Structure formats: C-alpha cells, structure tokens
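Dear colleague,

Please read it with the model open beside you.

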Amino acid sequence: MLTIKNLNKTYPNGTQALKDVNLNLEKGMFGLLGPNGAGKSTLMRTIATLQLADSGNIQFDGIDVFKQPDEIRKTLGYLPQDFGVYPKVSAEMMLNHIAKVKGIINKSERKDYVADLLHKVNLYPFRNRNLGDFSGGMRQRFGIAQALLGSPKLIIVDEPTAGLDPLERNRFHNLLSELGENAVVILSTHIVDDVTNLCQRMAVFNEGKILIEGNPQELSDTLRGKVYRKHIEKSELEILENDFTVLSNYLRGGQFYVNVYSESNPGEGFEIVDNDLEDFYFYCINKKQEQEAAI
C-alpha cells in the first residue's frame with residue numbers, strides 16, 4: 001500500500017504546489033485527473049524521490065520514501081512527463097544498460113527480457129535505431145518500456161499517452177491494465193478517457209489539492225439527470241456563463257454546443273444528456289472556482 005499523509009510543498013517563488021495531500025492506494029490503477037499546472041507532476045516527482053516535500057510523509061509497503069529513497073527506487077518504475085534520451089544510443093542498448101543497473105545480471109535472460117519489453121511497446125522492429133532518430137510517439141513508448149524494467153511494484157506514469165496515436169494508446173492501456181493486477185499504478189493525466197477506461201479509483205486534483213476521490217463511475221453518476229445540452233451561437237456563451245454553471249463548450253458537426261449543470265431543466269432549447277466523467281471533472285473544477293469567487 002502507498003500512504004501519503006499531509007503532504008505540502010511550496011516553491012521559492014511562493015507557489016504552493018501541494019496542499020495537505022492525503023491518499024491511500026492499494027494495488028490497481030489509480031487516476032490523478034487534473035488540468036495542466038494543477039501540481040500533479042510535483043506530486044509524482046515527490047513520490048519518485050526526485051524532490052522533497054516541505055512537510056508530510058510517504059510510505060510504501062513499510063518503506064519511508066523520504067528516509068529510504070534508495071529502497072523505494074529498487075521497486076519503482078517512473079515515466080516523467082518530459083524525459084531526455086541519449087541520442088546516439090540504440091533503444092535495445094539503452095534498455096539493456098538500464099536492465100543491468102536494475103540487477104538483471106544474466107546476459108541471456110537480460111536479452112530476452114529487453115526483447116519482450118520492446119515487443120510490448122511495439123518498438124522491436126526499431127530496436128537498433130538510435131533514440132535520437134525516434135519520433136515523439138516512439139520516444140514516449142521507449143519511456144514506457146524503461147519504466148517497466150525490473151517488474152516494479154510501484155509504477156508512476158505522468159501524462160503517458162501524450163504523443164501516442166489511437167492504436168498506440170489502446171496498446172498502452174492494455175499494458176497498464178495488466179500491470180495494475182500486481183502493482184500500485186498511478187496514472188497522472190488531464191485526459192479524462194484515460195481514467196474512464198483504466199481506473200477503478202481516481203481523484204480530481206487542482207491547485208495542489210485533492211478535490212474529491214472515489215470510483216469514476218460512481219462519481220459521474222452523482223450528476224445523473226443534472227446535465228443539459230444546448231446548441232447556441234458563440235456570442236451567447238458569455239450570457240449563459242453568467243446565468244448557469246457551464247461545464248463545457250464544444251463543436252459537434254460544425255455547430256457550437258454547451259453543457260450546463262442544473263438541478264432542473266434550464267429552459268427552452270435545453271435537452272438532458274447522459275453525462276460522463278468529463279462532465280463531472282468540469283463540474284468539480286468550476287465549482288471550486290465559483291466558491292473562490294464568492295469569497
């Protein structure tokens with residue numbers, strides 16, 4: 001189990017990136033859903049021992065993350081949002097080196113293990129190509145492969161599907177789902193579908209705080225019968241935002257629509273819709289902003 005208690009972090013410029021964060025995570029996929037700049041990456045880096053918090057505690061299976069960083073690194077797989085590569089080294093050679101560092105000493109075993117990983121992320125045909133010649137999506141898949149080396153029990157993936165095409169994304173979803181059976185996997189993302197498809201538990205995270213935590217479907221169901229859609233002109237949006245809690249606006253078939261939250265039918269032209277996790281996510285973010293504006 002991963003236990004995070006009262007975690008706080010303020011940067012020298014005064015930005016408080018973490019505000020009393022508390023989480024208890026069992027084996028399986030956990031989604032941390034929030035907008036860019038919410039503090040998700042700060043939390044991921046702190047769990048991964050890349051930076052210290054100002055206060056609080058993190059424990060994983062009896063290991064104190066802050067006091068025993070070397071121990072947690074032995075069982076950790078981490079894919080950061082941005083990572084560099086050695087441009088003149090091949091994918092196979094780099095993974096072979098990382099596998100050796102992680103304790104896979106037998107040469108034959110290591111070769112088979114690396115080949116299996118490259119197959120899983122669909123990079124085996126490009127195993128001898130230098131990393132500097134990889135496309136953005138290929139580099140992301142390589143990052144996924146290195147995070148899985150050593151069969152880690154705690155896996156942190158920060159915006160993992162960025163740069164992946166739909167086929168690659170589905171392949172990665174299947175891979176993560178398998179890993180969640182035997183490890184604590186934290187998926188940090190702003191892509192709602194990733195959480196909907198993969199996670200049994202999730203939290204909405206914004207401005208360094210956990211806004212709400214629970215099962216994605218159960219959280220989404222709290223808005224059932226309270227989300228309405230209307231086709232409008234773009235010029236009408238500002239008026240609607242003053243009158244209703246507008247969850248989202250979007251184009252469909254070249255026409256402009258809004259989704260709003262309302263306890264009852266908002267009026268002519270609105271139709272009730274089957275809400276999803278995206279509506280709930282926007283509801284949480286908008287609700288917090290409205291509460292702050294009222295203070």
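Two strands are said to pair if DSSP finds at least two bridges between them, and helices (H or I, at least four residues) and strands (E, at least two) are themselves DSSP runs, numbered from the N terminus. With that in mind, strand 11 (residues 227-231) and strand 13 (residues 255-261) are joined by 5 bridges and run antiparallel, and within this pairing Arg 229 stands opposite Asn 259 in strand 13. The two strands belong to an open sheet of 4 strands, whose order is 12-13-11-14 and whose pairing is antiparallel. At its edges are strand 12 (245-252) and strand 14 (271-272), each of which pairs on one side only.

Before going further, please keep in mind that this is a predicted model, in which local features need pLDDT of at least 70 and side-chain atom pairs count only at pLDDT 80 or more, while totals for chains, interfaces and linings use all residues. Residues are numbered from 1 along each chain as its sequence is written, and side-chain values use heavy atoms, with hydrogens and water left out.

The chain as a whole

The chain contains 10 helices and 14 strands, and its C-alpha trace spans about 70 × 45 × 35 Å along the principal axes. Of the 295 residues in the chain, 48% are buried, where buried means under 20% relative accessible area, exposed means over 50%, and partly exposed lies in between (1.4 Å probe, protein chains only). Contact here means heavy atoms within 4.5 Å, and among the contacts between residues at least 6 apart in sequence, 66% join residues at least 24 apart.

Strand 8

Which residues point each way from strand 8? Val 184, Ile 186 and Ser 188 point one way, whereas Val 185, Leu 187 and Thr 189 point the other way, and all of them are buried. Because 6 of the 6 residues of strand 8 (residues 184-189) are buried, the strand is largely enclosed by the rest of the structure. Strand 8 pairs in the parallel sense with strand 3 (residues 28-33) over 6 bridges, and there Val 184 is the bridge partner of Gly 28. It also pairs in the parallel sense with strand 7 (residues 154-158), over 5 bridges, with Ser 188 as the bridge partner of Asp 158.

Lys 40 and the salt bridges

A salt bridge is counted when a side-chain nitrogen of Lys or Arg is within 4 Å of a carboxyl oxygen of Asp or Glu, and the structure holds 9 of them. In one of these, Glu 159 pairs with Lys 40, the closest N and O atoms being 3.8 Å apart. The pair links distant parts of the chain, since Glu 159 is in the loop between strand 7 and helix 6 (166-179) and Lys 40 is in helix 1, 119 residues apart. Glu 159 counts as buried at 5% relative accessibility, and Lys 40 is buried as well, at 4%.

Helix 1 covers residues 40-47. A polar atom of the Lys 40 side chain lies 3.0 Å from the backbone oxygen of Pro 35. Leaving aside its neighbours within four places in sequence, Lys 40 is in contact with several residues, including Leu 32, Ser 188, Thr 189 and Phe 205.

Another salt bridge joins Arg 201 to Glu 213, with the closest N and O atoms 3.9 Å apart. Arg 201 lies in strand 9 (residues 201-206) and Glu 213 in strand 10 (residues 209-214), so the pair ties together parts that are 12 residues apart in sequence. Arg 201 is partly exposed at 40% relative accessibility, and Glu 213 is partly exposed at 31%. A further salt bridge is formed by Arg 224 and Asp 221, whose closest N and O atoms are 3.0 Å apart; here Arg 224 counts as exposed at 58%, whereas Asp 221 counts as partly exposed at 31%.

The cysteines

How many disulfides does the structure hold? Taking a disulfide as a pair of cysteine sulfur atoms within 2.5 Å, the structure holds 0. Cys 199 is in no disulfide, and the nearest cysteine sulfur, that of Cys 284, is 15 Å away. Cys 199 is buried at 5% relative accessibility, and Cys 284 is buried with a relative accessible area of 10%.

With best wishes

Note on methods:
Polar contact = N/O pair within 3.5 Å; in protein donor to acceptor, adjacent residues only side chain to side chain.
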